[in-house]
Amino acid sequence: MRNAKFVVPAVLAIVVATFFLVQSATGDFEYYRYTSEVDRSQFTDGVRFRLAGTVVPGTITETVEASLFQVSDGLETVDVRLLNTPPPLFDAEVEVQLEGAFEGDTFVADDAVIRHEAEYEAPPAGTDVES
């Protein structure tokens, strides 16, 4: 019975590792794909996934129903229709992650987040900062 205190954590570790391996193998654990990584035979119309890329300058158009723009990773460019309000800081040359599905040649997204550097640089000492 002395080894029993090691059996429960070992079994738990195996269960957790198996879960992550299964999720990874089925593709349900992907965070996002860049535009050139999208295989349209795998992501047919209506199959939801996350798409990442940089907003192409000069392509942003606002309509009553959606924001229309293109994203690219430098290799492939994809037309996007964002149904919800774009997030703060959304602009040309900004990296975005979009969640949605293809409808024809257009990626229709209902959610978008801005990708940004996690590093914060404080203004120099004595600088007036607006609030």
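Predicted model: local features only at pLDDT ≥ 70, side-chain atom pairs only at ≥ 80, totals over all residues.
Residues are numbered from 1 along each chain. Local features need pLDDT of at least 70, and side-chain atom pairs count only at pLDDT 80 or more, while side-chain values use heavy atoms, without hydrogens and water.

**Stop 1: the core.** Select F49, L51, F69, V71, V96, L98 and F107. Of the 19 residues in the largest nonpolar core, these touch the most other members. Such a core joins buried Ala, Val, Leu, Ile, Met, Phe, Trp, Tyr and Cys residues through side-chain atoms within 4.5 Å. Buried means under 20% relative accessible area, exposed over 50%, partly exposed in between (1.4 Å probe, protein chains only). Now show strand β7 (106-114). It gives the most to this core, with four residues. Strands are DSSP runs of E, at least two residues long, numbered from the N terminus.

**Stop 2: the rings.** Select F43, F49, F102 and F107. Ring pairs link them into a cluster. Rings of Phe, Tyr and Trp (its six-membered ring) pair if their centres lie within 6.5 Å; planes under 30 degrees apart count as stacked, over 60 as edge-to-face and the rest as tilted. Zoom in on F43 and F49. Their centres are 4.1 Å apart and their planes are at 35°, so this pair is tilted. Both residues are buried.

**Stop 3: E62.** Buried or exposed: which is E62? At 52% relative accessibility, E62 is exposed. E62 lies in strand β3 (residues 61-62). Its side chain makes a polar contact with the side chain of S67, at 2.7 Å. That term means N or O atoms within 3.5 Å; within protein, one must be able to donate a hydrogen and the other to accept it, and residues adjacent in sequence count only if both atoms are side-chain atoms.
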